[in-house]
Amino acid sequence: MAGTTRTAPDGDGYALAYERAGAGGPVLLLHGWPGDRGDWAAVAHLLAEAGTADVVRPDLRGFGESDKHPGGDVAAAGQARGALALLDGLGIERAVVAGYDVGSRVAQTLAAEHPDRVAALVLAPPLPGAGRRVLEPEAAAEFWYQHFHRLGLPEQVIDGRPDAVRAYLRHFWDHWSGPGFTVEEERLDRLTERYSPPGAFTASIGWYRSGSGMIARSLAEEPPTRRITVPTTVLWPEHDPLFPRAWSDRLDDWFEKVEVRPLDGVGHFSPVEAPERWAAVLTEVIGGLAA
């Protein structure tokens, strides 16, 4: 199957837009903010072309072409329910789940709550363990936008205004990416189209308003009584200004089986910046499960 499809509404009333392609081991790819399922297009193409994976990449609740319900549950638990409903609807019992940014948190929640449905995790930050380091001056200077998103100002100065949306999104795609990457105008065109309709930008920042952002999560986190049991590979970028590699030092407190691999030369948008490396790791993980 190829092209965009929509699920039936799930138990919370959300229908998700998704694309599916390829054949092989099921892989669910979860995007971040400020992006959509297109963040994974190159990775999905490489996997499908190689014939190694049945690749599903949705727009999360409140993003892209998926449903946007004011006041709906777009926190990590709600997003994980939406992802699980998608797998159910496609008849996928277990999948390798990959995510970065928002998608990483959703993938972790899915693995923690439904380990029987997740064959393996492949993640980029955010990961747990930063703790109060998110309040250090250098980190606080980067996470300003999460405070801004919880104010009423985004509705007044950004939402429904394509020029403002484009300028705002460009800031993050320029600032968070690695030194060798320049965001394509076509990508900004598409994201601006997705984020500009009235209410769309506000829906996208519902994640932060739900308390699921990095600051709120990090300040409240404590090692769980039961760690995530799913085998986990972490790809940690070299040039992500939000998540320094030093913050990987406590992952064993949250994951039973975790391997951290450096992703040199790239920034925050690693599936876009380094799709070949993501595809290679996912292919390796799928092959390991089949062995």
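Mentor: Begin with what covers the buried residues of α8: the cover includes α7, α9 (200-204) and α12 (270-273). Keep in mind that this is a predicted model.

Trainee: Which residues in α8 are buried, and on how wide an arc around the axis do they lie?

Mentor: The buried residues in α8 are R187, L188, L191, T192 and Y195. They sit on the same side of α8, because the arc they cover around the axis is only 130°.

Trainee: Are α7 and α8 parallel or oblique?

Mentor: Two packed helices are described by the angle between their axes and the distance between the axes. For α7 (residues 162-175) and α8 (residues 185-195), the axes are 9 Å apart and the angle is about 130°. Angles over 145 degrees would count as roughly antiparallel, and 65 to 115 as roughly perpendicular. That makes the relation of α7 to α8 oblique.

Trainee: Which residues of α7 meet α8, and how many charged residues does the contact have?

Mentor: From α7 come P162, V165, R166, L169, R170 and W173, and they meet E185, R187, L188, D189, L191, T192 and Y195 of α8. By class, this contact of α7 with α8 has 7 nonpolar residues and 1 polar, and the charged residues number 5.

Trainee: What is the relation of α1 to α13, parallel or oblique?

Mentor: Helix α1 (residues 41-50) packs with helix α13 (residues 275-290) at an angle of about 45°, and their axes are 9 Å apart. Angles under 35 degrees would count as roughly parallel. The relation of α1 and α13 is therefore oblique.

Trainee: Which residues meet in that contact of α1 and α13, and how many of them are nonpolar?

Mentor: A42, V43, L46 and L47 of α1 meet P275, E276, W278, A279, L282 and T283 of α13. Sorted by class, the contact of α1 with α13 has 1 charged residue and 1 polar residue, and the nonpolar count is 8.

Trainee: Now single residues. Is H149 buried or exposed, and at what relative accessible area?

Mentor: H149 belongs to helix α5 (residues 144-149). Not counting residues up to four places away in sequence, H149 touches W33, P154, Y168, F201, I205, Y208 and R209. Buried means under 20% relative accessible area. H149 is therefore buried, as its relative accessible area is 0%.

Trainee: What separates the C-alpha atoms of H149 and S204?

Mentor: Along the chain, H149 and S204 are 55 residues apart.

Trainee: What is the relative accessible area of Q79, and which residues does Q79 touch?

Mentor: Q79 is in helix α2 (residues 76-90). Q79 is buried, with a relative accessible area of 2%. Not counting residues up to four places away in sequence, Q79 touches L60, R61, F63, D73, V74, V106 and W207.

Trainee: Is A140 buried or partly exposed?

Mentor: A140 lies in helix α4 (residues 137-142). Leaving aside neighbours within four places in sequence, A140 is in contact with V134 and L135. With a relative accessible area of 37%, A140 is partly exposed.

Technical notes
Residues are numbered from 1 along each chain as its sequence is written. This is a predicted model: local features need pLDDT of at least 70, side-chain atom pairs count only at pLDDT 80 or more; totals for chains, interfaces and linings use all residues. Side-chain values use heavy atoms; hydrogens and water are left out. Axes are lines fitted to C-alpha atoms, for helices over the stretch in contact, and angles run from 0 to 180 degrees between N-to-C directions. Helices (H or I, at least four residues) and strands (E, at least two) are DSSP runs, numbered from the N terminus. Contact means heavy atoms within 4.5 Å. Ala, Val, Leu, Ile, Met, Phe, Trp, Tyr, Cys and Pro count as nonpolar, Asp, Glu, Lys and Arg as charged, and the others, Gly among them, as polar. Buried means under 20% relative accessible area, exposed over 50%, partly exposed in between (1.4 Å probe, protein chains only). The arc is that of the directions from the helix axis to the C-beta atoms.
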